[in-house]
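Here is a short note to read beside the structure. Keep the view open and follow the numbered points.

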Amino acid sequence: MTLRTQGFLGATPWHRSPAGVAAMLRRVGAVQLDTISVLARSHELVAYARLGPVSRQAIERAYWHGSAPAAFEYWAHAACVLPIEQWPYFAFRRRAFRARGVRWHQISPEACEKVLARLRAEGPLTATQLGGAKGGGPWWDWSEVKIAVEWLLDTGEVICVRRTGWRRVYDLPERVLPDELLGAEPADLECLAYLAGVTARALGVVTRADLTEYHRLGVQHTPLLADAALAAGLTPIAIAGPSRVTPGWADPAALAEESAGRRGRHRVTLLSPFDSLIWDRKRTRQVFGFEHGIEAYVPKPKRVHGYYAMPLLAGGRLAGRADPAREGKTLVARQVTLDRATAAEPMAQALREAATWVGCDDVRVERVEPSAWAPRLAAALARPDVS
């Protein structure tokens with residue numbers, strides 16, 4: 001059910017279409033952003049994994065449309081691209097920021113007012129155009145204007161609906177949001193009910209922990225989650241585990257799809273380490289029996305699978321990992337880890353398809369674990385058709 005709701009199983013109306021990126025975003029509810037770019041940035045990889053070789057330019061336009069914004073950036077699971085219609089339902093988080101009065105830095109009211117005045121007078125601006133993002137110290141040392149504009153983003157006085165050269169472009173909500181979204185201020189329970197529906201549609205079946213993790217809700221919201229799930233129209237269910245039964249909820253549409261018995265073809269693809277299918281490590285372990293970690297933030301001597309190890313999804317299972325890089329027109333798999341010998345053929349297929357998508361015409365594998373399966377992977381890569 002999760003593979004279907006996440007867009008990896010069966011045909012959907014939005015597959016293989018540039019316009020499908022926006023539909024995909026609405027379906028998964030949130031696409032995480034990250035600064036690392038190996039084959040492509042994570043938000044591009046998320047779309048590619050589900051839709052296939054849609055051009056990277058089309059993906060960018062779908063997320064950050066220059067004249068008709070369909071998405072905005074905000075804090076969900078992490079910094080995420082979100083469908084524009086979700087704006088009112090993060091009011092609970094904006095109120096919480098305002099009530100707390102501080103984030104990580106000391107905020108200057110004067111700097112905030114100067115930022116707002118510039119945006120009112122000059123239109124959308126980047127932090128650089130506002131006066132510079134850096135404070136002159138270490139890399140995390142933000143300038144006063146950067147602290148101010150990010151705080152205004154947190155509290156909803158500023159919005160980001162576009163990036164340019166990976167820099168956020170800040171604007172005023174009243175300039176980009178439709179009146180019906182701008183004027184809405186739902187109560188906390190209404191916000192949580194809406195987001196519970198988003199999470200259930202994205203995952204098919206959810207537990208209380210899933211509802212909390214998908215949008216990183218605070219402990220103060222835990223007592224409200226059962227009421228939120230019922231208000232969202234979710235179906236109460238019981239999930240049988242090896243030692244206990246866990247209560248949860250299901251999306252009614254996902255249940256109907258499951259009851260209809262339709263299966264469809266599984267996608268074979270490499271996943272961004274930040275993909276919403278796997279960003280909850282505990283759920284990934286429970287559903288797939290797969291230990292997922294992001295080793296980009298691990299010292300190199302302690303890495304097991306590689307800097308940007310991308311899990312392989314094949315046949316509805318997570319079956320291995322590849323740590324990619326690019327050298328000119330060659331996709332280099334610095335390390336490939338296979339969980340079983342039969343994963344060699346889908347890994348070869350996934351590597352070839354990813355290489356073609358990013359404009360590479362060759363694939364080179366430097367290391368395979370276990371090494372005994374390296375000849376099988378090499379043979380699969382050498383065949384014209386590895387599917």
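1. A definition comes before anything else. Helices and strands here are DSSP runs, numbered from the N terminus; a helix needs at least four residues and a strand at least two. With that in hand, find leucine 217. It sits in the loop between helix 12 (208-214) and helix 13 (225-231).

2. Keep in mind that this is a predicted model. The protein has 17 helices and 15 strands. Its C-alpha atoms fill a box of roughly 65 × 50 × 40 Å along the principal axes.

3. How does the radius of gyration of the protein agree with that of a compact globule? For 387 residues, such a globule would be near 21 Å, and the protein has 22 Å, so the two agree. Of the 387 residues, 53% are buried. Take the contacts with a separation of 6 or more: 63% of them join residues 24 or more positions apart.

4. Back to leucine 217. Is it buried or exposed? Its relative accessibility is 11%, so it counts as buried, because the cut-off for buried is under 20%. Leaving out residues up to four places away in sequence, leucine 217 touches Phe92, Arg93, Leu192, Leu211, Thr212 and Leu225. Histidine 77 is 140 residues from leucine 217 in sequence, yet their C-alpha atoms are 8.5 Å apart in space.

5. With a relative accessibility of 42%, arginine 216 counts as partly exposed.

6. Another residue has a positive phi without being a glycine: tryptophan 166, at about 70 degrees. Look for it in the loop between strand 5 (159-164) and strand 6 (167-171).

7. Now the helix packing. Two packed helices are described by the angle between their axes and the distance between the axes. Helix 2 (residues 20-28) packs on helix 3 (residues 42-51) at an angle of about 100 degrees, and the axes are 10 Å apart. Helix 2 is therefore roughly perpendicular to helix 3, because angles of 65 to 115 degrees count that way.

8. Which residues in helix 2 and helix 3 meet? Helix 2 brings Gly20, Val21, Met24 and Val28, and helix 3 brings Val46, Ala47, Arg50 and Leu51. By class, the contact of helix 2 with helix 3 has 6 nonpolar, 1 polar and 1 charged residues.

9. Helix 3 also packs with helix 4 (residues 56-63). Their axes come within 10 Å and cross at roughly 110 degrees. So helix 3 and helix 4 are roughly perpendicular to each other. From helix 3, His43, Glu44, Ala47 and Tyr48 meet Arg56, Ile59, Glu60 and Tyr63 in helix 4. The contact of helix 3 with helix 4 divides into 4 nonpolar, 1 polar and 3 charged residues.

10. Aspartate 275 lies in the loop between strand 10 (269-270) and helix 15 (281-288). Its relative accessible area is 0%, so aspartate 275 is buried. The side chain of aspartate 275 makes a polar contact with the side chain of arginine 50, at 2.7 Å.

11. What else is in contact with aspartate 275? Setting aside neighbours within four places in sequence, the list is Gln6, Phe8, Val46, Ala49 and Arg50.

12. Next, arginine 367, in the loop between strand 14 (362-365) and strand 15. It has 44% relative accessibility and so counts as partly exposed. Not counting residues up to four places away in sequence, arginine 367 touches Ala333, Arg334, Gln335 and Val336. Its side chain makes a polar contact with the side chain of glutamate 369, at 3.1 Å. Threonine 199 is 168 residues from arginine 367 in sequence and 38 Å from it in space, C-alpha to C-alpha.

13. Last, the peptide bond from glutamate 369 to proline 370. Cis or trans? That bond is cis, with omega near -10 degrees. Proline 370 is in the loop between strand 15 (368-369) and helix 17 (374-382).

Methods. Residues numbered from 1 in each chain as written. Predicted model: local features only at pLDDT ≥ 70, side-chain atom pairs only at ≥ 80, totals over all residues. Heavy atoms only, no water. Axes fitted to C-alpha atoms, helices over the stretch in contact; angles between N-to-C directions. Parallel < 35°, antiparallel > 145°, perpendicular 65-115°, else oblique. Contact = heavy atoms within 4.5 Å. Nonpolar A, V, L, I, M, F, W, Y, C, P; charged D, E, K, R; others polar. Buried < 20%, exposed > 50% of the residue type's maximum accessible area, 1.4 Å probe, protein only. Polar contact = N/O pair within 3.5 Å; in protein donor to acceptor, adjacent residues only side chain to side chain. Rg over C-alpha atoms; globule rule 2.2 N^0.38 Å.
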